Amino acid sequence: MGRLTKEMKKAELMEQLTEANETYLEKISQHMECQYREMQRVERRIERKKKLIDKKYIVSIKKLEKERKEKLEKIVGRYRRIGEKVREATIDKVDLAEIENIEKGYITLRQFLLNILRERETGKLPNWKERITERSVESEISTDGGAVVSKLRALQYEFTSKFNIVMGQMPDSDVSAYSYLSRGGYIYLTEQNCEFFKLFMGNDEDCEHIEYDIIGCIKSKKVEELDERVKDQIKEGMYSLANNPRTKFEESIIENRLTELFGTGSGKTEEALQSLITMVNEMQSLQCTSEGQRVIFEMVTKALDKCRDKVTEEYRTYMSLYRDEEAVEGFLKSLENKKSK
């Protein structure tokens, strides 16, 4: 009887345990369902708040965008009005005849460099009167190795360097020649200026023939080794700068630079003249009594006349480069006087 009671108690205990477990599982299920519903409710609430925030944010963005656009329009309008005022003021101050003259007769340095770039890339000879643009040049050349803008920048650096070498430092100052040329802003050139610049821009420092290596000879101070025609081109080119009022290179500056490069006289000419004077003096000390001697002296005299005429011709050319016509005329008159005597 006692054992039965224990079994009954055990069965009763198991029954209670089962009920408790079922109750636990039921409570857990109810709790999870409640949590799920709560989570859904929270998510719906978050979604509603998100929509409200997004709506408010979009409204703010549109408002800010509208304000930015209005401010930009005001800024653009203000700068446009300023630009118009500046343009009107400039037109009022600048001589319109001078503007027209520049348009017709002058070439900007940028146009010059574009022509040089096109010639180097395509072989097409420059036409200084033709107005070309970066876009038109770019359509004609290969852009391998850099676009037109970068090539033009490199060419500008090359020109500045070579121009400073050719023209040297400005007298009594530490100003370079290019700084002096560009001190007025835009650089306007004549066709003669462009031909002069092209002369040394197309000149390679590693030129095989030294008599044509302008940059190399000037840097090494061996200008006397240049070909005579090249020397004349340099002189004429430098004087073309003085003849262009837009460059503001006074003639005195040009003369000073020419003196630095070529000196005030030629040592070889002086040697030749002294040699000739010595020879003539020696002949004058000789007797002239026979007919044969007189014939020789007449031949020498004719040779000296031809020599004088040739020297006169060369001196005229030389002085014409320096624009000193009065000196030329005075020299020729003195020669005529000597000849008549």
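What share of the contacts in the protein chain with a separation of 6 or more is accounted for by residues 24 or more positions apart? Such residues account for 55% of these contacts, a contact being heavy atoms within 4.5 Å.

The model is predicted, so that local features need pLDDT of at least 70 and side-chain atom pairs count only at pLDDT 80 or more, while totals for chains, interfaces and linings use all residues. Residues are numbered from 1 along each chain as its sequence is written, and side-chain values use heavy atoms, with hydrogens and water left out.

The protein chain has 13 helices and two strands, taken as DSSP runs numbered from the N terminus (helices H or I, at least four residues; strands E, at least two). Of its 341 residues, 25% are buried, where buried means under 20% relative accessible area and exposed over 50%, with partly exposed in between (1.4 Å probe, protein chains only). The chain exposes about 25,200 Å², of which carbon and sulfur atoms supply 54%.

| Helix | Residues | Contact residues, among them |
|---|---|---|
| α3 | 109-122 | L109, F112 and L113 |
| α5 | 148-167 | V148, L152 and F159 |

The axes of α3 and α5 come within 10 Å and cross at roughly 110°, which makes α3 roughly perpendicular to α5, the class for angles of 65 to 115 degrees.

Y24 lies in helix α1 (residues 2-93) and is exposed, with a relative accessible area of 52%.

How values were computed:
Axes are lines fitted to C-alpha atoms, for helices over the stretch in contact, and angles run from 0 to 180 degrees between N-to-C directions. Angles under 35 degrees count as roughly parallel, over 145 as roughly antiparallel, 65 to 115 as roughly perpendicular and the rest as oblique. Accessible areas come from the Shrake-Rupley method with a 1.4 Å probe; for residues, only the protein chains shown count as cover.
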